[in-house]
Amino acid sequence: MIRKLLHRVFRRRAARTDGKSLEPARLGPEQHGIRAEQISSAARRTCAALQAAGHQAYVVGGAVRDLIAGVSPKDFDVATDATPEQVIACFRRARAIGRRFRIVHVMHGRETVEVSTFRAARDAETDETGRIVRDNVFGVQRDDAMRRDFTINALYYDPSTQIVVDYHHGVADLKQKTLRIIGDPATRYREDPIRMLRAVRLSAKLGLDLDPAARAPIRELAPLLENVPQARLLDELLKLLLSGHAIECIDRLREEGLHSGVLPLLDSMLANPAGARFLRTALSATDQRVRAGKSVSPGFLFAALLWQQLVEVWTEHQADGTPPQPALVSATHAVLEQQSEALAITRKIASDITEIWLLQPRFLQRSGRRPFRLLEQPRFRAAYDFLLLRAEAGELDPELPEWWDRFAHAGETARADMLIVDTAAKPRRPRRRRKTSGAGPQAETTAAHSEASGVGD
Ligand code: ATP
Ligand code: MG
């Protein structure tokens, strides 16, 4: 009923999701509600330059979808009929990237606009499972609309005319809060199993219902995710965890049976109660930050995802009497070495994780010059946020992060008054090796003591 009405409102033409349509709907601002100034100036300039050179150019995909849905877009992508070479010729700072899918990055100041050439719908190269391994055959706009994943992602906005070109009733679906796949769902998932994860993320992010036809084949096809290159999987997973709706996404992944193929780590965390509590706390803190427009680094997120595992390995490394701080260093290396490949963690991310972890025991040191030195650490903020997370997950007394918050905001004199006199016996040199058991907060107390003797500082 509502659908019928919406289709009438949006002047449904002959277009159907099978792509045999002749005419797309062309919607004006009163129908789509986008104001030209909502488009970044870099994207507008990119479209204008391409159009001035005689090409077609539209803002496309997620940005158009998000603006119509009233969400601020993460970035702006442009689609054009110009080939990558022709695009490059239009700009001073532009370069082609990608192999599976060649696109051009156009740089305007600090903003980069991704420009892709319209793709042909049917001629992509596939492997034996039907997965697209290369998609560089160019086509016209109609073809391009057909190979996009969801109807709401196949919308083209021309900033000069302010018209949205809609081949698959994307605007109606969006208003009706339905996520509908273009074409036959099973075929589209086989072509690119990542689309199953995108379905979960986009429906959670925009509060849409996944169309039953798009939902039905997911459980059976979930194992296809194993064929997807790790780097792409990780990319999508990060988008999912940083979407501001991570908790909901994780729940839905489990519901759809997509979970274990994506990140076995999450499954093993959820299997033990402490892990599950930590994960939920970490992800809901991440969701809140993202929704408040604050940044969340992948390093922070991975530090949280891998923390339980680190604590276990850290405990093991202390079993032979190795003091906590060196054990923490070696445990960090061991965990990162084991996970880096599986999770395609880059060096930069690994070094962020390392810093966050290695600073944790230092928060227990609240005497002498050490708290002042910790405050000066470039990664203090991230490490502090991590400490807070651990307290929220019930792993530490909240008094500790509260003290640090006050300390960080106090003046010099007040800070001196806040110092807590270290009553722990100072270990003498040469240091005795101390046998410890347990990790986490308990081991850290010992870690702090050995740190007082200069270990790991
Ligand atoms: P967001 O940017 O919010 O993560 P998005 O939909 O813009 O979401 P991008 O990865 O930026 O995601 O992709 C831009 C557009 O490219 C999409 O809107 C969609 O039209 C198309 N697209 C992206 N990934 C796929 C895919 N796996 N299959 C088909 N089309 C895709
Ligand atoms: Mg996008």
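**Aromatic rings and a helix: group meeting talk**

Okay, let's start with a tryptophan: Trp-403 is buried, at a relative accessible area of 3%. Bear in mind that this is a predicted model.

Trp-403 and Trp-404 make one of them, edge-to-face, with 5.0 Å centre to centre and 80 degrees between the planes. Trp-404 also pairs with Phe-407, again edge-to-face, this time at 5.6 Å centre to centre and 80 degrees between the planes.

So why are those two about one helical turn apart? Because Trp-404 and Phe-407 sit three residues apart in helix 23, residues 399-409. As a reminder, an α-helix has 3.6 residues a turn, so residues three or four places apart point the same way. Phe-407 is buried too, at 0% relative accessible area.

Now zoom out a bit. Ring pairs join Trp-403, Trp-404 and Phe-407 with Phe-363, Phe-372, Phe-380 and Tyr-384 in a cluster. Phe-372 has a charged neighbour as well: Arg-369 lies over its face, 4.3 Å from the ring centre. Elsewhere, Arg-119 has its charged end over the ring of Phe-101, 3.9 Å from the centre.

Last, cysteines. How many disulfides are there? The count is zero. Cys-47 is buried at 1% relative accessible area, and Cys-249 is buried at 0%.

Definitions and conventions
Residues numbered from 1 in each chain as written. Chains lettered and ligands numbered in written order. Predicted model: local features only at pLDDT ≥ 70, side-chain atom pairs only at ≥ 80, totals over all residues. Heavy atoms only, no water. Disulfide = S-S within 2.5 Å. Buried < 20%, exposed > 50% of the residue type's maximum accessible area, 1.4 Å probe, protein only. Phe/Tyr/Trp six-rings, centres within 6.5 Å; stacked < 30°, edge-to-face > 60°. Helix = DSSP H or I, 4+ residues; strand = E, 2+ residues; numbered from the N terminus. Lys NZ or Arg CZ within 6 Å of the ring centre and 35° of its normal.
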